[in-house]
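Visitor: I have a few minutes before my next run. Can you walk me through this one?

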Amino acid sequence: MLVHRQPVVLAIEDESAQREIIRYNLEADGFRVVTAEDGEEGLLLAIEETPDLILLDWMLPKVSGIEVCRQLKARPETRNIPVIMLSARSEDLDKVRGLETGADDYIVKPYSVLELMARLRTQLRRTRPSSVGERLAFGDIVLDSAEHRVYRAGQPVSLGPTEFRLLSTMMEKPGRVWTREQLLDHVWGRDIYIETRTIDVHVGRLRKALMQNGGEDPIRTVRGTGYALG
């Protein structure tokens, strides 16, 4: 069975009832949810977990949501993670302040779960399209994440589950150089220990599969670092 790495959402929310509503609905929709009760814990988890998206309450103990957002967007390792700010503040000036601090979206409490899920998926469609079933294309390679199929120059490409996840990860950000450690985190997850040289084996298999009907090698090896698509 082909298994995707679950998209990870970090919910930084001090109200336990809200946290549980978020957790229940996101987990039911196939997400892995990590939660924090205050801004300080949220900042630590953002670095440790490198989530695909962060739901951030404005009013938080220890470190406010606005300050958390500012720090997240100032750090290279977290600045590209989309942040959806949740707040009871409904004035236009508050919304502007949240967005100017770096939030990618702003939702006023109380909100509907349907609206939250729709906006969350909109952000993921921009940053991690395969997690919401988008069709990805790079050159003559097409990856259909909903049907778990890959084509090159119109011909089907047979990939194992790991090679599919590797290709999906690299196709979401063509040109980006991925270190072996980053690929391990994204493809296998942080809780599984394997040697980094295992990446080289699977990249070799992916290359062979993509070139089985001819064509140039689309995967670039960056000596001493890792790999990139294109």
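**Around I22**

Guide: Leaving out residues up to four places away in sequence, I22 touches A11, L55, L86, Y111 and L116. Keep in mind that this is a predicted model.

Visitor: Where does I22 lie?

Guide: I22 is in helix α1.

Visitor: Is I22 buried or exposed?

Guide: I22 counts as buried, because its relative accessibility is 2%.

Visitor: How many residues apart in sequence are I22 and L116?

Guide: They are 94 residues apart in sequence. In space, their C-alpha atoms are 9.1 Å apart.

Visitor: L116 is in α5, then. Which residues of α5 are buried?

Guide: L116, M117, L120, Q123, L124 and T127 are the buried residues of α5. They sit on the same side of α5, because they cover an arc of only 130° around the axis.

Visitor: And what is exposed on the other side of α5?

Guide: L114 and R126 are exposed there.

Visitor: What covers the buried residues of α5?

Guide: The cover includes β1 (8-12), α1 (16-28), β3 (53-57), β4 (83-87) and β5 (105-108).

Visitor: How many residues does α5 have?

Guide: Helix α5 has 15 residues, 113-127. From first C-alpha to last, α5 reaches 21 Å. That is close to the 21 Å expected at 1.5 Å a residue.

Visitor: Why is α6 called largely enclosed?

Guide: Eleven of its twelve residues are buried, so α6 is largely enclosed by the rest of the structure.

Visitor: Which residues of α6 are buried?

Guide: The buried ones are T162, E163, F164, R165, L166, L167, S168, T169, M170, M171 and E172.

Visitor: How do the axes of α6 and α8 cross?

Guide: Helix α8 is residues 197-210, and the axes of α6 and α8 cross at roughly 85°. The two axes come within 9 Å.

Visitor: On to the backbone. Where is the cis peptide bond?

Guide: The cis bond joins K109 and P110, with omega about -10°. P110 is in the loop between β5 and α5.

Visitor: What is phi of T50?

Guide: Phi of T50 is near 40°, which is positive in a residue other than glycine. T50 belongs to the loop between α2 (39-49) and β3. T50 counts as partly exposed because its relative accessibility is 30%.

Visitor: And what about phi of K62?

Guide: Phi of K62 is near 70°, again a positive value in a residue other than glycine. Look for K62 in the loop between β3 and α3 (65-74).

Visitor: Is K62 buried or exposed?

Guide: K62 is exposed, with a relative accessible area of 65%.

Technical notes
Residues numbered from 1 in each chain as written. Predicted model: local features only at pLDDT ≥ 70, side-chain atom pairs only at ≥ 80, totals over all residues. Heavy atoms only, no water. Buried < 20%, exposed > 50% of the residue type's maximum accessible area, 1.4 Å probe, protein only. Helix = DSSP H or I, 4+ residues; strand = E, 2+ residues; numbered from the N terminus. Expected span 1.5 Å × (residues − 1). Arc of directions from axis to C-beta. Contact = heavy atoms within 4.5 Å. Axes fitted to C-alpha atoms, helices over the stretch in contact; angles between N-to-C directions.
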